[in-house]
Amino acid sequence: MSLRYRPYSASDRDACIDIFRTNIPRFFRDHELEALTSFIDSYECEYFVVLSDDKAVGCGGYGLRDEGDAADLCWGMVHREYHGKKIGEYLLMARLHAIATTTKVKYVRLGTCQHTEGFFHCYGFKTQSVKPDGIALGLDEVEMKLDLTDANRKTIEWSWKAIVG
């Protein structure tokens with residue numbers, strides 16, 4: 001499977017919505033669709049689409065916050081049929097690499113649910129808070145953070161090179 005990513009464009013809207021819907025109800029809830037569409041229609045952050053053989057299989061972005069000291073990962077997801085195929089790792093590392101090599105960001109934050117908390121722990125993120133049922137009944141809101149130390153920046157650079165060859 002050949003992966004690449006590129007900036008989101010309006011022509012990707014339906015594919016991103018489809019990717020979102022494949023992750024209901026395990027990772028998202030129906031009521032979040034309006035927030036996603038509002039977000040992707042606004043172009044307020046860097047947002048990307050991951051392609052496998054020219055088919056959109058994932059999407060996600062990041063935005064700079066706190067006068068450039070922080071980056072927030074936003075709306076990252078992989079089509080359910082492609083879970084377990086390292087696309088989530090590719091999407092995460094593409095965004096972390098972009099942040100670590102082009103900004104002076106000191107830390108990266110994200111909000112997720114309990115089902116993906118362990119995934120992000122594998123990449124050095126630390127849980128900051130957990131709000132039970134914070135997203136919806138049975139779906140906890142988990143806030144996480146990764147400090148972009150020199151060591152973490154080097155790890156991100158090395159990992160990205162290993163992924164893309």
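**Notebook: aromatic pairs**

I counted the aromatic pairs in the structure and got 14. The model I worked from is a predicted one.

Entry on Y5 and F48. I looked up the ring geometry of this pair. I then checked where the two residues sit. Y5 belongs to strand β1 (residues 3-7) and F48 to strand β2 (residues 46-52).

F48 has a relative accessible area of 10%, and I noted F48 as buried.

Entry on Y8 and Y47. Here the ring centres of Y8 and Y47 lie 5.7 Å apart, with the planes at 75°, so this pair is edge-to-face. I placed Y8 in the loop between β1 and α1 (13-22), and Y47 in strand β2, so the pair ties together parts 39 residues apart in sequence. I checked burial for both residues: Y8 is buried, and Y47 is buried too.

Entry on clusters. Which residues form one aromatic cluster with Y5 and F48? I listed Y62, Y90 and W160 alongside Y5 and F48.

Entry on a charge over a ring. I looked at Y107 and found K145 over the face of its ring. The distance from K145 to the ring centre of Y107 is 4.6 Å.

Conventions:
Residues numbered from 1 in each chain as written. Predicted model: local features only at pLDDT ≥ 70, side-chain atom pairs only at ≥ 80, totals over all residues. Heavy atoms only, no water. Phe/Tyr/Trp six-rings, centres within 6.5 Å; stacked < 30°, edge-to-face > 60°. Helix = DSSP H or I, 4+ residues; strand = E, 2+ residues; numbered from the N terminus. Buried < 20%, exposed > 50% of the residue type's maximum accessible area, 1.4 Å probe, protein only. Lys NZ or Arg CZ within 6 Å of the ring centre and 35° of its normal.
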